[in-house]
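Please read them beside the sequence and the coordinates.

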Amino acid sequence: MACSCAHGVVFDANLLRNSALEDGLAGWAPLGACTKLSAHEEEPANVPTETINEVADDYKPSGRYILAAGRACEEDGLCQAIPGGALKPRVTYRVAGWISLGDGMAKVDGAGDAVVRINIRLGGDGEEGVEEEKCLVVEGGAVCAEAGKWTEIKGVFRLKPSPMLSGAAAVHVQGAPAGVDVKVMDLQVFAVDRKARFKKLKKKTDKVRRRDVVLKFADAGSSSAVSGASIRVMQMDQSFAFGACINPAVIQDPNFVDFFTKHFDWAVFENELKWYHTEAVQGQLNYADTDALLDFCDRYGKPVRGHCIFWAVDNMVQKWVKALDNDQLTAAVQGRLTSLLTRYAGRFPHYDVNNEMLHGSFFQNKLGDDINAFMFKETSRIDPGAALFVNDYNVEGGMDPNATPEKYIAQINALQEKGAPVGGIGLQGHVTNPVGEIICDALDKLATTDLPIWLTELDACETDVDLRADDYEVVLREAYAHPAVEGVVFWGFMQGHMWRQDACLINSDGTVNDAGERFINLRREWTSHARGNIDCDGNFKFRGYHGSYVVQLATATGKMHKVFSVEKGDTPLVLDMDV
């Protein structure tokens, strides 16, 4: 195991002992008076073969697991103490391992799976039964476990400074209905080394986002005329998109407008395109705010994502829509599509068609399983130039059993089987304590759909602005280094004008905080400029990020400017500058 250490924190070192049960059940204890623990060996054919766990380069699941049987309630399971002082504040920890279910699941009516949770308990000596007010319970992970199948834990947590950290702690594995046996393999808790991950991502980014370029200024026989001439190459914009959400209030703030126009290429409207905004009262359409925001974006040359046509979550649907019978609702859905899409045909390159279908199903419950695909097909018919996205939250975080990459892919496949022209995948990116390996795992899985991926509503909520800067860097580096990701849109960036207030990049007076500086520095890092002289063969070579460039050539006869683009490619891009 390769461990590193910084400021007293040993990274990638498991805080739990006997995780692989080399010493039987030593260190493990049951939760619940009736719970019985036993150690077992999984059949080799059933041991998981793939993992995102990078604690050790040669790590493979051991195949040995603990069975917690006789559980009388959901709080029953198993636990292990963590030595006092082992957990440090302001450190991001991973919870890793594997969960499965045993006997009893078949007896649960209509259920083939159940949620199992891993919690970190501080205070009360980590013991069961201590009053909750004397303890701090932190969620460390959750999986939707199944009988006969191992599901990987992708948990994460971070602790704030507290006197409780000096006392005893424990990890608890709980959940699944009473009577259902829970199996746990190789449970681990370890500190994440973000800087080591960043080094790997820089190498990955170079391969994914950069390309060798050869600018040819002369043929072999006429190179002497330009040989040695001074040259300067400047990147004007990037192929990878960065955007931010806007609303009518923020575009009146000069500090907001200044930061937005300098650092973002795209926009999305916070609420002004949503159905509850444009038709709060049935039959009274109001597109004034939408039009004003579009005019603003047109002035600054910013394309806009269309968010959103419908919203699947019940409490985001207007009361008057909920009151409609099925025939009336069908007509209202068609009216919304026709009104919005004919008015703005060609104006929105993307649409989030029915927002958050992993977490809500209002229209499907009312109008049947085909309605979601109909929304996509009808949107494409009316505005065929737009890319149509699914859009949901928590998929990239590993902590929401309802929003796994596998469930998202299944939803996309179901839509496509019904003829829905799904054109992109939206990951909202409302993150807390993000871990790069978990984000990358989600991106890798979603990339198998061959659809472009965008982070559509990024915000990193953290009161400590230094940690917030780190959190943003985690997400941005993972997204930028992944070939399937085409853009990142922030869900606001200014203090006082954000859905999650502890996520801002700039303060209310326009000053840039550490998180904002980190973002600016990353954009600077991902921009290519080059200076030098043309070689004796009449060429100038450099390696640049994908995007558009201008080259300035200074010779004895004057200066020349040319514009060119660097697109994706595995071979050097050779461009004739035609002097």
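**Notes on the fold, surface and cysteines**

1. Of the 579 residues of the protein chain, 55% count as buried, and I would keep in mind throughout that this is a predicted model.

2. As to secondary structure, the protein chain holds 12 helices together with 28 strands. Among its contacts with a separation of 6 or more, 78% are accounted for by residues 24 or more positions apart.

3. The overall dimensions can be read in two ways. Along the principal axes, the C-alpha atoms of the protein chain fill a box of roughly 90 × 65 × 50 Å. The radius of gyration is 27 Å, which agrees with the value near 25 Å that a compact globule of 579 residues would have.

4. On the cysteines, a search of the whole structure finds 0 disulfides. Cys79, for instance, is in no disulfide, since the nearest cysteine sulfur, which belongs to Cys135, is 12 Å away, whereas a disulfide requires the two sulfur atoms to be within 2.5 Å.

5. Is Cys79 buried or exposed? Cys79 counts as buried, because its relative accessibility is 11% and the cut-off for burial is under 20%. Cys536, by contrast, has a relative accessible area of 56% and is therefore exposed, the threshold for that class being over 50%.

How values were computed: Residues are numbered from 1 along each chain as its sequence is written. This is a predicted model: local features need pLDDT of at least 70, side-chain atom pairs count only at pLDDT 80 or more; totals for chains, interfaces and linings use all residues. Side-chain values use heavy atoms; hydrogens and water are left out. Helices (H or I, at least four residues) and strands (E, at least two) are DSSP runs, numbered from the N terminus. The radius of gyration is taken over C-alpha atoms; the globule rule is 2.2 Å times the number of residues to the power 0.38. Buried means under 20% relative accessible area, exposed over 50%, partly exposed in between (1.4 Å probe, protein chains only). Contact means heavy atoms within 4.5 Å.
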